[in-house]
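Subject: A structure for you to explore

Hi there,

I am passing on the structure we talked about, together with some notes to read beside it. Please open it first and then follow along.

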Amino acid sequence: MTSKSLIRIAFGVYLIIFFSYLLGPLVVMSLTAFNSSGFPSVSPWACFTFEWFNVLWNDSAIREGIFYSVIIGLGTVALSVSMGLAASIVLTQVWAKFRSTYYTLIIAPILVPGVVLGISTLVFWDRFGAFLGAGDGSMLGKLFHNGIFLTILGQSSFIASYAMLVFVARLQRFDPGLTEAALDLGATHTQAFRKILLPFMRPAIASASVLAFLASFENYNTTTFTILDYKTLTVVLAQKVRLGINPSISALAFIIITLTVFAALAFEAYRRNQARQEAVKQGKAKVKSGGILPSFMTGNPAAIVFVLLAFVAIVMIGTAQKYSPEECKIQVREAKQAEIQRRIKELQEQRLIKSQSEARQGPDIFGAPEEDTGGKPSGAFGGVFAPGNLSDDADTEEPEAEKPSGGSGAFGGVFAPTNLDNDEGN
């Protein structure tokens, strides 16, 4: 085996471990959404079910959290993308000596903890409203104490920095000579921006918008201090985790993962289709016709996978309308009851065996004769009730001269058979 083969094998193993570490938890969480167990788990597997999606749909707190998260996300996108685009353009226009300082100031909010941003946003706008004399009952006072408004401002303060980084990376490939040529030809700065720079920045604007929306949607540290009377999805989920969760959370995660995969495949399919059409226009590729697949799927693996996943999703939705796991649940419940009864029976048998063993090994309360114990009385009563101690003088092996006058035994032979006989004892 050559060194190249070893490198390829090692690289393949590394990729498997990397993607298992990266995607493994997502796969496991997705599987728990289809297990009928009351707690998110894959093992032991109970029954295949779709009921947790119905539970998720009927959860009003989750629905409200998603609604407010989308509203805040759209507002954050509008504000942060605008701020990031403006900051990136200014970065290309300022003096070279001041550029590094300006860049540091714009990036600084990323380094500030979200908790600090949330508290500072809440305090600043409250004090600013008080400075303007906006009371709680006025329209301006209600705005400064509105959780949605404060959350959009708090999130945009650092998400705008992420957007700016995307725009700066795009602007590094822009030729400023195009704008200068437009200005020389009589265009205004607004026209040059709208017709030259803005079309060039559209891919970056789309990327920054997606990044800003996702960052806003999943943010918790800043949101938890600024949201006030409202609740976003992350806040609702955090409260559910503290109080106890069920697999409906896994169902939500599965839906989000599925939508993300569909969006990524749709974008990749669209990009490949556009690249193919551009290649056809330039004469670098030919249009293939007469195939089994539609034209947009020809030579486009992302489109093929997208269609297959869409078909699987439609089949699952149709199956969920008719499938019922009740019979399986009854069988699982009966199996659990039988297992519980078996364990109870095993415990009872173990306790019975243990009690019998202790009874055999327990002490003899009446004891044994001293002859059988090496001359030492045994038993709980010191051997006074042993058979030898209840006998008369005749039952002992001691010489007559050595026998006590009152008889042998612990009670002087009073319990001997001859003393208990009425005819001989009188």
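Let me start with a term you will need: a residue counts as buried when its relative accessible area is under 20%, as exposed when it is over 50%, and as partly exposed in between. Please also keep in mind that this is a predicted model.

**Salt bridges**

How many salt bridges does a search of the whole structure find? The search turns up 8.

D126 has 27%, so it is partly exposed.

Next, look at D59 and K240, whose side chains meet in a salt bridge with 2.9 Å from N to O. D59 sits in the loop between α2 (51–57) and α3, while K240 belongs to helix α11 (residues 233–243), so this pair ties together parts that are 181 residues apart in sequence. D59 counts as buried because its relative accessibility is 16%. K240, at 23%, counts as partly exposed.

Which residues do shared partners join here? Salt bridges that share partners link E339, R342, R343 and E346 into one network.

**Nonpolar cores**

Now turn to the inside of the model. The largest nonpolar core has 16 residues, and those touching the most other members are V81, I159, F167, L171, L197, M201 and A208. Helices α3, α7 and α9 each supply at least two residues of this core, and the largest share, 6 residues, comes from α9.

Not counting residues up to four places away in sequence, I159 touches T76, S80, A212, A215 and S216. There is also a second, separate core of 11 residues, and its members include L56, V236, A251 and L252.

**A buried threonine**

T121 is found in helix α5 (residues 114–131). With a relative accessible area of 9%, T121 is buried. What does T121 contact, once its neighbours within four places in sequence are left aside? The partners are L150, L153, G154 and T226.

Finally, have a look at the second largest pocket, which holds about 490 Å³ of space. It is lined by 18 residues, and the closest to its centre are I89, T92, Q93, F174 and L197. You have met L197 already, among the core residues that touch the most other members.

Which helices build the lining? At least two residues each come from α3 (60–93), α7 (147–171), α8 (176–184) and α9 (189–218). Of these, α3 gives the most, with 5 residues. By type, the lining residues divide into 10 nonpolar, 6 polar and 2 charged.

Enjoy exploring, and write back with any questions.

Best wishes

Note on methods. Residues numbered from 1 in each chain as written. Predicted model: local features only at pLDDT ≥ 70, side-chain atom pairs only at ≥ 80, totals over all residues. Heavy atoms only, no water. 1 Å grid on protein atoms, 1.4 Å probe; cavity = no way out; pocket = protein on both sides within 12 Å on 5 of 7 lines; lining within 4 Å. Points joined across faces, edges and corners; volume = space filled by probe spheres on them. Helix = DSSP H or I, 4+ residues; strand = E, 2+ residues; numbered from the N terminus. Nonpolar A, V, L, I, M, F, W, Y, C, P; charged D, E, K, R; others polar. Salt bridge = Lys/Arg side-chain N within 4 Å of Asp/Glu carboxyl O. Buried < 20%, exposed > 50% of the residue type's maximum accessible area, 1.4 Å probe, protein only. Core = buried A, V, L, I, M, F, W, Y, C linked by side-chain atoms within 4.5 Å. Contact = heavy atoms within 4.5 Å.
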